[in-house]
Structures are given as structure tokens and as C-alpha cells.
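Subject: Structure for you to look through

Dear colleague,

I am passing on a structure that is new to you, and below it you will find notes on what turned up in it. Please keep it open beside you as you read.

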Amino acid sequence: MKSHHSALGRAVSLSMAMGLLAGTSAMAGPTAQVIWSSEKNPGDGAWFNGPMTVPYALSAQASAAFTNPTSTAATTLNVDPGDQYQTMLGIGTSLEESTVFNLSRMSATKRTEVLKKLLDPTTGSGMNLVRITFGASDFTGRTFYTYDDVPYGQTDPNLTSFSIQKDIDYNIVATLKQALAVNPNLKIFASPWSPPAWMKDNKSLIGGNLLSQYIPQLATYFRRAVQAYQAQGIPIHGLTLQNEPLYQAPDYPSTYVSSDQERQLLVAVRNELNANGLSAVKLWAYDHNFDSAMSYVTPILNNAAANAATDGVAFHDYAGDPSAMTQVRNAWPSKTMLMTERSWWGTTGADRMAQYFRNWASGYNAWVTMLDSNIKPEQWTGTPGPTMFIQNAYTYDTYWALPEVSLIGQFSKYVQPGARRVFSTYGSAATVTNVAFLNPDNSLVAVVINQTGSSQRFKLVSEGQELLATLPAKTVGTYTWPRQGSGTATNLLANPGFETGTAASSWGSEWHSGEVGYKVDTDYPYAGSYKLTLFAPSAYQQVFGQVKSVANGTYRASVWVRSGGGQKILRLYAKGHGGAELTAEIGASVVSNYTQYVINNIPVTTGSVEVGVYTDANASNWAAFDNFELVKN
């Protein structure tokens, strides 16, 4: 989450810079790795005719050193690693059936070569998030199908005809296994274009509406699809429940699913997953355009049961503006935002990706990875633009890569899963734009984009030092360097998010009156799989804390909280540190979305401190806690 000291931190950095300009002693700066990729005829259908020469494609340049600030005139991009935003899930593309169809026509050697260029984190673009389709989409070379097709006029409420055999027969399963072998850290999520026809009012995979009476069966259908893929050794990280639920396509699989139906479906699918040991599978609502997102998800996320079932919201970029993700995220800050479908080209596309991330997207997926030189196979209503790879339609082992493989790689190869986006000034389309991240290994990454027709001079300014650089026209540059500050403060608490599944040993300071009022459970955690819940059916008092031996000094404690409200007392506390007990009062009000409560400036003089939560609650009052933190200032 965004820290509250960021403006002060940037002011301090500026003060340091001014001091250095005034002649204070020089500091040795870090050295940045520099990589360039450039565009070539972006989006031009001429790419289907054959390859073209591209100036830069993930091309390493001479390293560049940070120095003391200078007075050189250049576009200034300030990067503040202390001001952190969303955690990154991944960046990638789709392995829908059109792509698989073309890959399957290649020799094993060439197929592996393409997958490595796409997914290999060392030798390729390192894409690590892949979207697949549950059943057929418009990008397929096959007759449209789902996993439970029965003759027209029949129904199958017990799903006796359920099977993913076509996905096996069409080499989808084999291709995904090969993709996982190339990049074992690959995350795969799935989206359906239509439920089985018998679940719809028009009894067709094309268009029509979901019949609400079949929501329980559809929830079971999704759970069984996840299980069937897992049985093949392919873990499904997440699901969207309907691709573009507000669109009824005239000639390919699609289904109208109302917001109220998706609300019910999310709860039903979550219950199916939880009941079958699949609670780790993420559920993402919506999966459609920016412009209708807020109206669609509001009735879902304002419903307690559906909110608890939903991990995030998925978006497409065919109408509206990326700021819709910020609007949704600000209304429900515990939810993950993901950009699950839109292919772009060139440096304009790279800038659009930067805008997604600057609007809280934790993931990005392009759509359709390989068509052939005849723009096949596909059954979409229009003419597709050029895909990242194009296969010669007559000699299948001949293919060429478009610049977009490398342009996306400027992000995916260097922004690690688990990275946090950090503050950076955006710049401008007339000069350069950027987005910046802090990786888990404490390296910083700035992706800088020059959409103009001429070289652009700019400077990256971070932690009191600057890197002065020039980026060629129509080129994206990635600059990665070790953070020079202390890095992310170490959380001193053990098992702070209860990810061991228990509070045993580490959380040993417990007291209750009457009935025990705490448990560790999996019901709607803030992060990870577990959280702490305080609840009892009768009035209760509960103390729950952890005592830590620490060096004397000043500390900060925090926790993320949701609450049903009504308690006489509900607070985060810090005590036993050598001074009066300090608290952050949560109080009796309802806390609908996870909110962070903080105790600053805890003065430890005894070599020990206890951090925990306390409630004096009425019957059935509840509160949920996750990601406790104790850090040294």
C-alpha cells in the first residue's frame, strides 16, 4: 500500500540533492543494467507477409552509473522506493487454441524454441502469467465446444457427460505442460466464453443468457474443470467466470451474465472450491471493459458473501479508461486489479501497459499469441491484427517474432512476481513516460518509454542520486539497479499472516473471559490463505498477542482489519516496552474493507515489546486481522 511518508521522503531526497550540488562530498552511486527494445511498423498487417528488421530487441546496452545530482537539463523522473503500491502477480499472454493449433503443427524443436522465446526467464521474454480458455473461444480452429455438450434439447444436471478430453486431443494440455517445463513458475488462469448450451435460454453456445436455475451446476462445472486440469499436472491459479459477460456475440461463443447472476455464481463457485480443497484458487469478477466496470461490480462487492468470495476484478481495454481500475480499487482496496485482455503494438502499447500498472493492475495479459500468415485459425467477427509470433502457413517450422515479444519482455523479464510498484513521476508522451517497481531481491526497475520520433534525454532520480540517459526514438528502455537504501524494513513478528495455518507457539500471549474468542481460518484473508478472526456467539473479551525480544529503539506496529462492528472496545495495542500502553483504536464502527491500523513511534527500552489485539465484544461481534507487522523505525 502507499506509504504516508512519501512526500517527506521525496523532500529529503531533494534536500540531499541540493546539498550535493552545493559541494558536499560525493557518494558512490549504483550501476544500472540497461536494455532496449524498439518498435517497427506497429500493428501493420504487412507483418503477416514476413519478418522485418528491428533495431533493438531486448538488446543489452552499456551499463550506466548513478552519480551525484547535476544541473543538466533533461526530463526528470523521480523514483521513490519507499512509496509502494500494488504487488505484481505477473505479465504475459494467452495460450488459447488458435496459438496451440499452430504450435502443434511445428516440430518439437521449433515448438520448444517458440515457448522459450516467450516464457524463458533467462533466454526469452520471461512471461509468467498465461490465460487459457475453458472450452472454445472465437480464436480456435475447432468446432465450438464446452466440457459438457449434449444433444440439442437434452440437459445434463448431474454433469455425467463432463470431460476435458477435447483439450487433451487438441494438444492444449500437452502445450501447457511444455510451457510449465520451460517456466516452472508460470501461473495459469482460465476464462470461459460460454457455459454448456443447455444452461442457456437459447440452447446455443453463441449469444444468449445464462439461466439462473443452472448456477449450482455451473459452479460444479468450474470446480470439475479445475480438478481435471490439476489431475493433468496443470495447476489453475485463478478463474474469471465469464469472458465479457455484457456482450452477446453474433457468431462465436458468448453469454450474457448479469451482475446479480455473477454475484450468485461467485459465491457458489467459492463454496465448491473450498469444499474440495481448492480454496487457493483465485476468483476474479467481471472480465470486461473499463467503461462498465464500476456499475457491474458494485452490487457484487457490496454484498458480504460475494465480496468474501471474490479475490479481484479483471478488466479488458476495448472501451473506457484505465483509471476505472483505480476507481474500483479505491472503493475496495483489498481486491486485486488485473488487465486480462488487450493486445497493443509498439511504444504506444508499452505506454498503455505502464498506464495499467499506474492504475493498480497487478497483472497484464495480451490476447492471442500466434496466427499464421493467412491470419488463421480464428472465428472472430473482424480481421485480427498481427500477433506476437506469426507462422508461415505453408512451412510450419518457419515463423517470425514481432517487436511486441520484446516490448512486453521489457516488463516481464525484469519485473519479478511479488514486485511492488513504487512511486515515479509519469513524464509525458512528448518526452518519455515510465513506471517503476521494487523487486523482492531489492532491485529497482524503471521501464522508460519514448513514443516520439526523436531521441529523448532524461534523468532517473532516486535516493538522492541521478542517472542521466538518452533513449532512441520509438524505443523502450528498462533500467534496473540495486536499491541503495535500507530496503523494505524487516517484519520482526513470527507468522505475521498466520500462513502456518495455526497460531501455535509464535502467538503465545492469549487471554479470554468465558468462551475462547479467536481462531485462525481461511475465510476471506487480506493476503495469503489464512487470517485471525475474533468471534464468539456470546459476549466475550479476548486478548491475542505476540511478545518479541528486540533491540532498544523506536518501532512501528500495524495490522490490516475488517470488522462487523458493534464492539465496546476493539484495538491494536503495544505494551511491555518500558512505557505506557499504546493503542490504535478500531472502535465500534463497521470496517467493510481491509484497512490498516498503525501505532507509530513505540519507544522500546526494555528489550521487549508485546503487539496484539484486544476486544470487549457483544455477542456475535466479529473482527478479522491479517498481516501484522512490527518494524524498527
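A residue is called buried when its relative accessible area is under 20%, exposed when it is over 50%, and partly exposed in between, with a 1.4 Å probe and protein chains only. Please bear in mind that this is a predicted model, in which local features need pLDDT of at least 70 and side-chain atom pairs count only at pLDDT 80 or more, while totals for chains, interfaces and linings use all residues. Residues are numbered from 1 along each chain as its sequence is written, and side-chain values use heavy atoms, with hydrogens and water left out.

Salt bridges

The structure holds 15 salt bridges, a salt bridge being a side-chain nitrogen of Lys or Arg within 4 Å of a carboxyl oxygen of Asp or Glu. One of them joins Glu-341 to Arg-131, with the closest N and O atoms 2.6 Å apart. This pair links distant parts of the chain, since Glu-341 is in strand 10 (residues 336-341) and Arg-131 is in strand 5 (residues 129-134), 210 residues apart. Helices (H or I, at least four residues) and strands (E, at least two) are DSSP runs, numbered from the N terminus. Glu-341 counts as buried because its relative accessibility is 5%, and Arg-131 counts as buried because its value is 1%. Arg-131 and Glu-341 also belong, together with Asp-287, to a network of salt bridges.

Another salt bridge is formed by the side chains of Asp-311 and Arg-270, at 2.7 Å from N to O. Asp-311 lies in the loop between helix 9 (304-309) and strand 9 (312-316), and Arg-270 in helix 7 (residues 259-275), so the pair ties together parts that are 41 residues apart in sequence. Asp-311 is partly exposed at 24% relative accessibility, whereas Arg-270 is buried, with a relative accessible area of 8%.

Glu-113 and Lys-110 form a salt bridge as well, at 3.4 Å from N to O, and both lie in helix 3 (residues 108-119), three residues apart, which is about one turn of the helix.

Helices

Helix 2 (residues 97-104) is mostly covered, with six of its eight residues buried, and these are Glu-97, Ser-98, Thr-99, Val-100, Asn-102 and Leu-103. They pack against strand 4 (90-94), helix 3, helix 5 (172-182), strand 12 (370-372) and strand 13 (389-391), where contact means heavy atoms within 4.5 Å.

Helix 6 (residues 215-231) packs on helix 7 at an angle of about 50°, with the axes 8 Å apart; axes are lines fitted to C-alpha atoms, for helices over the stretch in contact, and angles run from 0 to 180 degrees between N-to-C directions. Helix 6 is thus oblique to helix 7, given that angles under 35 degrees count as roughly parallel, over 145 as roughly antiparallel, 65 to 115 as roughly perpendicular and the rest as oblique. Among the residues that meet there are Leu-218 and Phe-222 in helix 6 and Leu-265 and Val-269 in helix 7.

Helix 7 also packs with helix 8 (residues 293-301), at an angle of about 45° and with the axes 9 Å apart, and these two helices are therefore oblique to each other. Ser-259, Glu-262, Arg-263 and Leu-266 of helix 7 make this contact with Tyr-296, Pro-299 and Ile-300 of helix 8.

With best wishes
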